Amino acid sequence: MNSTTNNIFLIGLMGAGKSTVGKVLAKKLGRRFLDADHVIEERCGVKIPVIFEMEGEEGFRKREAQAIREITNENNIVLATGGGAVLLPENRKALSEQGTVIYLHANPIELWHRTKGSEGRPLLRNGDAKKILENLYAIRDPLYREIADHVIETGKPSVNQLVNTLIMQLELSA
């Protein structure tokens with residue numbers, strides 16, 4: 001962890017709870033919460049699915065890398081990244097060098113249940129969502145683990161229990 005920035009970055013697949021946990025964590029720690037996807041949407045003036053439609057995943061990833069490069073230079077924030085942010089080496093480097101990285105882990109079946117019927121998930125639109133999540137997990141899980149300072153299971157605990165566990169882990173590692 002880079003102690004000068006005191007940042008916390010939440011990573012994990014879609015549906016892992018990054019935004020939900022991040023908001024509560026930031027509030028309890030008295031920090032500003034940022035959601036990388038929301039930052040990108042604000043800059044572009046359109047929702048993520050529209051960016052995917054117009055520019056494809058590659059165009060979106062370029063925008064995401066620029067946002068992450070800028071956001072990770074801030075101080076005392078809690079950031080929820082997009083699930084695919086770890087795909088680019090420069091994002092992994094920025095996250096791991098500029099703060100504490102927390103991997104919110106959930107298995108693909110659990111994520112499938114959480115994301116069923118969600119309109120804002122462009123990667124799940126074309127095909128069998130369960131199979132897509134399994135494939136994404138197979139590719140991304142090793143990348144999440146590569147940069148994670150902590151891995152937290154998101155299965156059964158409530159959001160408040162998860163946040164309390166996170167705070168305890170952060171205090172123990174400080």
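This note comments on selected residues and helix contacts in a predicted model.

1. Basis of the values. Residues are numbered from 1 along each chain as its sequence is written, and side-chain values use heavy atoms, with hydrogens and water left out. The model is predicted, with local features requiring pLDDT of at least 70 and side-chain atom pairs counting only at pLDDT 80 or more, while totals for chains, interfaces and linings use all residues.

2. Annotated positions. Under "binding site", an unreviewed UniProt entry lists Gly15, Ala16, Gly17, Lys18, Ser19, Thr20 and Arg121. The UniProt positions follow the numbering used here, the feature names are shortened, and the annotations may be inferred rather than shown by experiment. Ser19 is also listed under "binding site" in the unreviewed entry.

3. Gly17. This residue lies in the loop between β1 (7–11) and α1 (18–29); helices (H or I, at least four residues) and strands (E, at least two) are DSSP runs, numbered from the N terminus. Gly17 is partly exposed, with a relative accessible area of 21%. On this scale, buried means under 20% relative accessible area, exposed means over 50%, and partly exposed lies in between (1.4 Å probe, protein chains only). Apart from neighbours within four places in sequence, Gly17 is in contact with Gly22, Leu104 and Arg114, where contact means heavy atoms within 4.5 Å.

4. Ser19 and Thr20. Ser19 has its place in helix α1, and Thr20 is in helix α1 as well. Ser19 is partly exposed, at a relative accessible area of 25%; Thr20 is partly exposed, at 45%. With neighbours within four places in sequence left aside, Ser19 contacts Phe33, Asp35 and Ala80.

5. Thr154. Is Thr154 buried or exposed? Thr154 is buried, with a relative accessible area of 3%, and lies in the loop between β5 (150–153) and α7 (159–173). Beyond neighbours within four places in sequence, the contacts of Thr154 are Ala16, Leu104, His105, Ala106, Glu110, Arg114 and Leu162.

6. Packing of α1 and α7. Two packed helices are described by the angle between their axes and the distance between the axes. The axes of α1 and α7 come within 9 Å and cross at roughly 55 degrees. Axes here are lines fitted to C-alpha atoms, for helices over the stretch in contact, and angles run from 0 to 180 degrees between N-to-C directions. The two helices α1 and α7 are therefore oblique to each other; angles under 35 degrees count as roughly parallel, over 145 as roughly antiparallel, 65 to 115 as roughly perpendicular and the rest as oblique. The crossing of α1 and α7 is right-handed, a crossing being left-handed if the near helix is turned anticlockwise from the far one by less than a right angle, and right-handed if clockwise. Thr20, Val21, Val24, Leu25, Lys28 and Leu29 of α1 form the contact with Val159, Asn160, Leu162, Val163, Asn164, Leu166 and Ile167 of α7. By class, the residues of this contact of α1 with α7 are nine nonpolar, three polar and one charged. Ala, Val, Leu, Ile, Met, Phe, Trp, Tyr, Cys and Pro count as nonpolar, Asp, Glu, Lys and Arg as charged, and the others, Gly among them, as polar.

7. Packing of α2 and α3. The axes of helix α2 (residues 36–44) and α3 come within 9 Å and cross at roughly 110 degrees, which makes α2 roughly perpendicular to α3. The crossing of α2 and α3 is right-handed. On the α2 side, Ala36, Asp37, Val39, Ile40, Glu41, Arg43 and Cys44 meet Ile48, Ile51, Phe60, Arg63, Glu64, Gln66, Ala67, Glu70 and Ile71 in α3. The contact of α2 with α3 comprises nine nonpolar, one polar and six charged residues.

8. His38, in helix α2, is partly exposed at 38% relative accessibility. The C-alpha atoms of His38 and Ile48 are separated by 8.5 Å, the two residues being ten residues apart along the chain. Lys116 lies in the loop between α5 (108–115) and α6 (129–147) and counts as partly exposed at 47% relative accessibility. Lys116 and Ala129 are 13 residues apart along the chain, with their C-alpha atoms separated by 8.1 Å.

9. Backbone at Asn76. Most residues other than glycine have a negative phi. Asn76 has a positive phi of about 55 degrees although it is not a glycine. Asn76 lies in the loop between α3 (48–71) and β3 (77–80) and is partly exposed, at 39% relative accessibility.
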